Amino acid sequence: MAAAEEVGARGHLAEIFEATAGLGGRIAPDGLASREIFLGGKNIGRRYRRFRELFDRRGRADYEAFGPESGQVWRGRVRELSFSSPSMKVRLGGRLAIRGQLGGARRFLRLARQVKRNPESAYLGDRFFEDLALKTGDPTFPEYVGTALCQDVVRHMTVRMNAAEPEECHLGNMGTNLGLIVDRFDQLTGTALGDWIRAVQAVNTTHTNTRIAGLTKNGGRIDGIVGVGGDERRFDGVVLALPAHAAAVVIGEQEAALSSLLCTIRYFPVGVVVAEYDRPAFPEAFAALSAPAGMALSNAGSYGLRDRHIVRYTFSGRNVRDRIRPELFDPEALLSEAEGFLGLYAPVARARRRDFAARAFQPGLCAYRRDHATCLREVRSRLSALPGLALAGDYMRGASLEACVRSGQEAAEWVLARADRDDGNRVEPAGDRAGVG
């Protein structure tokens, strides 16, 4: 959607090809009782400049602050989960001192300060983290900041952002996670997010329930797409806004080396259940609770400040992957387990569940790969030899909503710039079309 909007903002025409019934991917609107909900990410950081500007193009949106700090269970009680809180520092400092891992905490704080000083460090492609990964050999998170810190703080970021364990994440990509703790978050009010998605679908020529099987090539240039039924469509440029593995399938025979490279980028599944109750599910003291390692649940949180009777449950991490494969996904069983855990600390135990909506996302959340910066440089190098094609996705700039908007806009800029340069002059807007898949 960001790519299509950027194409339109530059005076060209875009057509969108969407495999499902509606736009949005993980943030596509869903229903719960009589209201619209979103099973994907909906928190908007105060630093999400491009995301907010994109929304403002179609009418200024209203935001509301989202929620207090999360809690975690510490010795049988819920304590604040915030690396900056005094109580957290005392608890964690003592644990790290006993285990001799204070050095890792200091390294973690230095990286957090870097992301706070320079917002660009929260996105893939930032030179600071690229250089650090090259200098250190791109170790895993526990290898760089220690196992205790990963268990008590870092894991709560990686299972939510990447559906990955800390030992499955690498230093060069850590800035994308640290963006979560240096920012403050809002959410769009009412149906604003769904209204924006529907507006994008309406103003662009949009083909839903339409899968792309491949690309067409003419004189070394990508000049169109091939549908599953074999129908071909010609365009001046094509943006594949897909998860890396899906893009690899579409690219396929046109560039086998690029396709193989994209297949090295990792994704892990995630399951989401949003449940509504007949009374508030959280106490006043906290509105979200992170689950300890070993559980199917990774996090339970109030859907909004005024929606404490609606709970969003996220299931991610190594322990639950087999259970959220599409053929094995049993949302009611997972929900019952999660309610049992949350009910030990919150009034959801006394509430009656009215309804729930659920979805298992495959391929899920992107966890990048080791030496991801090197991989992306190779991706861009191979794209340079494929004029007419650009890639956008959560593996290009990061998995946050802001990173995805940046990725889409930059892909549109790439393909339009190449089209203008290859033509030798500016193409008249009325005749220029870009396909966005």
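Here is a short report on those topics.

**Ground rules and confidence**

This is a predicted model, in which local features need pLDDT of at least 70, side-chain atom pairs count only at pLDDT 80 or more, and totals for chains, interfaces and linings use all residues. Residues are numbered from 1 along each chain as its sequence is written, and side-chain values use heavy atoms, with hydrogens and water left out.

The predictor's confidence in each residue is the pLDDT, which runs from 0 to 100. For this protein the mean pLDDT is 89, and 90% of the residues reach 70 or more. Please handle one stretch with care: residues 425-431 have a pLDDT below 50, and beyond near neighbours in sequence this stretch has 10 contacts in the model (a contact means heavy atoms within 4.5 Å).

**Cysteines**

A disulfide is counted when a pair of cysteine sulfur atoms lies within 2.5 Å. A search of the whole structure finds zero disulfides. C263 is in no disulfide either, as the nearest cysteine sulfur, in C375, is 11 Å away.

The two residues can also be placed by accessibility: buried means under 20% relative accessible area, exposed over 50%, and partly exposed in between (1.4 Å probe, protein chains only). C150 is buried at 3%, while C263 is partly exposed at 42%.

**Strands and sheets**

Strands (E, at least two residues) and helices (H or I, at least four) are DSSP runs numbered from the N terminus, and two strands pair if DSSP finds at least two bridges between them. Three bridges connect β11 (residues 221-227) with β12, and G224 has R234 in β12 as its bridge partner.

Elsewhere, β13 (residues 237-241) is mostly covered, with four of its five residues buried. β13 runs parallel to β19 (residues 389-392), and four bridges join the two. V239 stands opposite A390 in β19.

**Charged pairs**

A salt bridge here is a side-chain nitrogen of Lys or Arg within 4 Å of a carboxyl oxygen of Asp or Glu. By this rule the count comes to 35 salt bridges. The table lists some of them.

| Pair | N to O distance |
|---|---|
| E165 and R155 | 2.7 Å |
| D278 and R352 | 3.9 Å |
| R325 and E327 | 2.8 Å |

E165 lies in the loop between α7 (147-161) and α8 (174-182), and R155 is in helix α7, 10 residues apart. E165 is buried at 7% relative accessible area, and R155 is buried at 6%.

D278 sits in the loop between β14 (266-277) and β15 (288-290), and R352 in the loop between α12 (331-342) and β18 (353-368), 74 residues apart. D278 is partly exposed at 27%, whereas R352 is exposed at 51%.

For the remaining pair in the table, R325 is partly exposed at 31% and E327 is exposed at 56%. Separately, salt bridges that share partners join E120, R397, E402, R406 and E410 into one network.
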